[in-house]
Amino acid sequence: MEETKTVLIAGGSGLIGKQLTKVFKERGYRVYKLSRNARKQGHIQWDPKTKQVDEKYFSRIHVLINLAGANIGDKNWSASRKQELIDSRVQSTEFLSELAAKMPKLSYYVGASGVNCYELGQNKVFQETDEYGTDFLSTLVHDWEKAHDRFEGICPYMKLRIAMVLSNRGGSLTAMKRPVFFGLGSPLGSGNQYHPWIHIDDLCRMIVFGIDQQLEGTFNAVADCDTNRTMMKGIAKYMHRPFFLPPVPSGILKFILGERSMLVLSDLRVSNDKIKNTGFEFKLDKLNKALKALFAK
Ligand SMILES: NC(=O)c1ccc[n+]([C@@H]2O[C@H](COP(=O)([O-])OP(=O)(O)OC[C@H]3O[C@@H](n4cnc5c(N)ncnc54)[C@H](OP(=O)(O)O)[C@@H]3O)[C@@H](O)[C@H]2O)c1
């Protein structure tokens, strides 16, 4: 009898991990998740800070997916929060690379990364070969990806530079829907800044595709890039809410959000040519299509 394919997802209790779990289960995989708070069946307790983990099922793992990390958008970026954002990714990844030695069947690794890693203000469409930027998030991504590279020589692996994930179960779309719901939808800043995005279903398909094709290297996980105005207006349209208010000035957003305001104010366009050249096909590659699918559910 063929052995059940088994995947272990670190940080699998979050937005992407939950959807990915469903996708893997539909494909007949057995799924375990590493969580700092393992209460449900299939969750395995770990603490990457103190390097503690329950290794019971490690001998079964074929694929390891690393989504662990404190949420980037949740809290203000104080000095201690910044350290937590870094440590929760870099230390967790380094710990996972040590744990890989205890997974004799491990044949593939996927490391999450972020698209906010390029030098802003260059008015260009970034490719994976472009240099890292120098701002906080770029430095974080650089360190995080260096940690993923510890899997070199352990098994084939890919690093996914994930764009803003559009899902109706949380994340950025939920945050953008809030003011729109109250009839307060408007562009943020100039509204002309581009945001790279990806529908959660396409992201999950891309991860599965990477595993099936044993892709290796760094890939921008981006379906398309649209301006903040286009995105906010699109959301208002599907929520049947007005969209006429003037833009929220950048100064106000900087005052409220501090350095974190770069998440909504920075202008970033990123290419998806590399992943498409591997044969991967997006199903929801236009904003209108993606929002329609999200609001239909
Ligand atoms: N969603 C997006 O738009 C987006 C975009 C770009 C990149 N990404 C990256 O993709 C990964 C997954 O995203 P997501 O949206 O699913 O994130 P999420 O919902 O915030 O979930 C991340 C998971 O990481 C674990 N975690 C949180 N704090 C941690 C800490 N201090 N140490 C170790 N683990 C910790 C949590 O699991 P437990 O509490 O169970 O331990 C949590 O469920 C993240 O690393 C994120 O930065 C996401």
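This is a predicted model: local features need pLDDT of at least 70, side-chain atom pairs count only at pLDDT 80 or more; totals for chains, interfaces and linings use all residues.
**Entry 1: helices α2 and α3**

I looked up how helix α2 (residues 79-99) packs with helix α3 (residues 136-148), and I found an angle of about 15° with the axes 8 Å apart. Angles under 35 degrees count as roughly parallel, and α2 and α3 are therefore roughly parallel to each other. I noted the crossing of α2 and α3 as right-handed. On the side of α2 I listed K82, L85, I86, R89, V90, T93 and E94 as the residues making the contact, and on the side of α3 I listed F136, L140, D143, W144, A147 and H148. Sorted by kind, the residues of this contact come to 7 nonpolar, 2 polar and 4 charged.

**Entry 2: aromatic pairs**

I then searched the whole structure for aromatic pairs, and the search gave 11. One of them joins F209 and F280 edge-to-face, at 5.5 Å centre to centre and with 70° between the planes. Because F209 lies in helix α5 (residues 200-213) and F280 in the loop between α9 (273-276) and α10 (287-296), this pair ties together parts that are 71 residues apart in sequence.

I followed F280 to a further partner, F282, and this pair is also edge-to-face, with 5.1 Å centre to centre and 85° between the planes.

**Entry 3: an aromatic cluster**

Lastly, I noted that Y109, F151 and Y157 form one aromatic cluster.

Conventions: Residues are numbered from 1 along each chain as its sequence is written. Side-chain values use heavy atoms; hydrogens and water are left out. Axes are lines fitted to C-alpha atoms, for helices over the stretch in contact, and angles run from 0 to 180 degrees between N-to-C directions. Helices (H or I, at least four residues) and strands (E, at least two) are DSSP runs, numbered from the N terminus. Angles under 35 degrees count as roughly parallel, over 145 as roughly antiparallel, 65 to 115 as roughly perpendicular and the rest as oblique. A crossing is left-handed if the near helix is turned anticlockwise from the far one by less than a right angle, and right-handed if clockwise. Contact means heavy atoms within 4.5 Å. Ala, Val, Leu, Ile, Met, Phe, Trp, Tyr, Cys and Pro count as nonpolar, Asp, Glu, Lys and Arg as charged, and the others, Gly among them, as polar. Rings of Phe, Tyr and Trp (its six-membered ring) pair if their centres lie within 6.5 Å; planes under 30 degrees apart count as stacked, over 60 as edge-to-face and the rest as tilted.
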